[in-house]
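Student: I'd like a close look at one part of this model, with the cut-offs spelled out.

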Amino acid sequence: EAVMLFQYQNGLDTDGVVGSETRALLFSADAQMFVATPTPAPTNTPVPLANQPWNVHGMPLLVNKEHPLPDGYQCAELVNMTQYCDKNVVKIKANGIEGERTAVDALMTMLRAAKDEGIDHWQVSAGWRSVSYQQTLLDKKTAEYRKQGLSASKALSAALKTVAEPGTSEHHTGLAFDITVPGVSFKGTKQSNWISQHCWEYGFILRYPTAKTETTGIIYEPWHYRYVGQEAAAEIYQQGVCLEEYVAAKYGA
């Protein structure tokens, strides 16, 4: 478990095996100590709507290159999904993956509904990320391109096409999840088809649709789902827009 936590914190495959890549990083100057976030005690006290993390100044929280995470933003209540979620409904890929409690509750309701319809074998591969961990992911991807012979600036530019700049990732909110199926490519699976059709019913949107890449600045990610609440999700789905377009049209932001 300690090895898996180290691998997770440093962006490696969390297989729990001290292989060559893990060993090299473990004894390098780039290794980061794992810092666990304690799981808050459950509470039955609802958070007022105005203070909900997806509702900032009356609108769903938009985080991207033009709208970085607000200064001082803090998740309301992160939960350890390995401990919190029903393992009979969803597999949490790595111990320590966290999510905003309200969003996790909605996610579990959605996946239970899918299971009731015979759609199972769900996996959450990513949830909340700290800004420092996002930097680790970007550094790792940049290093991969450097090994391919790209200059530092070109390597960083290439890395930013698939890894968000720290402070601009939706994963900082605790409201975004990478939803997959263990061992297979998610695109085109029955799980992918089901969730893309039904996610809005539970307050989620497919955050980066294939037809909205020019607007979002992110390539199509069939696995990345974002909780925005049922009202906004229904409107976004019915209008066929992405979150950027929805916020701009409704709130002028």
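Student: Which residues are buried in helix α6 (residues 152-159)?

Tutor: This is a predicted model, so a few ground rules: local features need pLDDT of at least 70 and side-chain atom pairs pLDDT 80 or more, while totals for chains, interfaces and linings use all residues. Residues are numbered from 1 along each chain as its sequence is written, and side-chain values use heavy atoms, leaving out hydrogens and water.

Now to α6: Ala-155, Ala-158 and Ala-159 are buried there (under 20% relative accessible area; exposed is over 50%, partly exposed in between, with a 1.4 Å probe and protein chains only). Helices (H or I, at least four residues) and strands (E, at least two) are DSSP runs, numbered from the N terminus. Looking down the axis, the buried residues of α6 fall within an arc of 100°, so they line one face of the helix; that arc is taken over the directions from the helix axis to the C-beta atoms. Ser-153 and Lys-154 are exposed, on the face turned away from the buried side. The cover over the buried residues of α6 includes α5 (131-147), where contact means heavy atoms within 4.5 Å.

For the aromatics, rings of Phe, Tyr and Trp (its six-membered ring) pair if their centres lie within 6.5 Å, and planes under 30 degrees apart count as stacked, over 60 as edge-to-face and the rest as tilted. That rule gives six aromatic pairs. One of them is edge-to-face: Trp-122 and Trp-194, at 6.3 Å centre to centre and 65° between the planes. It joins strand β6 (residues 122-126) to helix α7 (residues 190-198), with Trp-122 and Trp-194 72 residues apart.
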